[in-house]
Amino acid sequence: MRPTRPASRVPRPQRPATPQFLARGTRHAARMLALCLPLLSAASALAAANLVENGGFEKSDGKLPEAWHCKLTDFMPKEVGKDEGGTMRYRYICACGQDLGDAKPWCGLLCPKCSGFISGEECGAWYVQNHERVSLDRNGPGYCVKFTLDKSTGENQGVRIMSHLIKVKPAWGYVMTFSCRTKGSIARVWAECYRPPQSTRSRYWEGPMDPAKPKDGLERSHRAQVNCGSPASWETFTKEIVAPKKYQFEFISVKLYAYMPGEAWFDNVSIRPMTPSEYSDFVATKNKTIKDKRFAY
Ligand SMILES: [Ca+2]
Ligand SMILES: [Zn+2]
C-alpha cells in the first residue's frame, strides 16, 4: 500500500489561515515529514516488492481469498479424426462438458460455462470440487488460507489453489517466500513459470481469463518447487525462481498444494525481484556446476 497523499487537484475546504497558523503548520509538517519519510519509503518499498496480490490472504469475499484461483476445472482431449496430413485433431472438453476449442487450453483461461480456472494440465474433473475444501482461517490478528482434505481427496488429487498470473521482467531472478503448517497433510508449493508459446500455431481466446489476460497462449517453461513436508507449526520457506537462459519466463503463478488426509495452512506468500548482486551470485554459482552448457543460466 502506498502512503496516501492529499490529492492536489481536489479543492480543499477553506480554513482560517492566519500567518501564525501557517508558520506553525509548516514547521510541524516539515518535522512530521522528516520523521515519517524514511519509514514511509521503507514501508512502501517493502509493500511494492511483493508481486503476489493478496499473498497474506487478508482480502476475501468472506469465504475464499481474493486474487487466488480456488474454483478450478480442467479438460481432456477428445479425438475428432485425422486431418489431410494424417495428424490427429482434437477438441478440448472441460470437465463440465463445455467444448473449449481445438487448441489445447493454456494456464490463465476460465471456462465460459462453469467459470473454473484452467491450469493447462489435463486433469479432467479432479479439481471441480476443489474450492469446497478451501477456506479462510485466523492466523494471529489476520487471516490465512486453509485446505481440508478428506481421506479420498488426500490420497488422490489433493487440494490446490493458484495465484493470479504475475507479469514479470524476463531474464531476471525472483525470490519466493511463504509460511505453512500442516496436520496430517503434506504441503508442496510451486512457482509455475510461463512464457508465450514458442510454436507458430496461432491461438486466441475470447472467453473469460485471468486478469493478466493471456489471450494468445502461454506455455510452462520453468517451475521452482518447494517440498515443505509436514511442519506442525508455522515454518517459513524461501526459494529462488531463476530459469536457465533457454527457459526464460514472463509470467509466474504460485501454486499452493497439499495431499494426504488432514489439513494445511498457508500465509505470507511473497515474490520479489532479486537484487542485482543476488542475481549475479546465483547465476555464477549455478553456472559453475552446470555440465551441459545448453542449460546455462
Ligand atoms: Ca495473513
Ligand atoms: Zn467448464
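Visitor: Which residue of β16 stands opposite C180?
Guide: F266 stands there. This is a predicted model, in which local features need pLDDT of at least 70, side-chain atom pairs count only at pLDDT 80 or more, and totals for chains, interfaces and linings use all residues. Residues are numbered from 1 along each chain as its sequence is written, and chains are lettered from A and ligands numbered from 1 in the order in which they are written.

Visitor: What makes β11 and β16 a pair?
Guide: Two strands pair if DSSP finds at least two bridges between them. Strands β11 (residues 174-183) and β16 (residues 262-273) are joined by 9 bridges, so they meet that definition. They run antiparallel.

Visitor: Why are β7 and β14 called edge strands?
Guide: Take the open sheet of 5 strands, ordered β7-β8-β16-β11-β14, with antiparallel pairing. Strands β7 (134-139) and β14 (235-241) each pair on one side only. From one strand to the next, the twist averages 35°. Axes are lines fitted to C-alpha atoms, for helices over the stretch in contact, and angles run from 0 to 180 degrees between N-to-C directions.

Visitor: Why is strand β12 called mostly covered?
Guide: A residue is buried if 20 or more other C-beta atoms, placed from the backbone, lie within 10 Å of its own; 12 or fewer make it exposed, and in between it is partly exposed. In β12 (residues 186-195), 7 of 10 residues are buried. Over the 297 residues of the protein chain, 30% count as buried.

Visitor: Which strands pair with β12?
Guide: Strand β15 (residues 251-259) pairs with β12 in the antiparallel sense over 9 bridges. There E192 faces S253. Strand β13 (residues 219-229) also pairs with β12 in the antiparallel sense, over 9 bridges. There W190 has Q225 as its bridge partner.

Visitor: How many bridges join β3 to β4?
Guide: There are 6, between antiparallel strands β3 (residues 75-82) and β4 (residues 88-94). K82 is bridged to M88. The hairpin has 5 residues between the strands, and G86 takes a positive phi near 85°.

Visitor: What share of contacts joins residues 24 or more positions apart?
Guide: Two residues are in contact if their C-beta atoms, placed from the backbone, lie within 7 Å. Among contacts in the protein chain with a separation of 6 or more, that share is 72%.

Methods
Helices (H or I, at least four residues) and strands (E, at least two) are DSSP runs, numbered from the N terminus.
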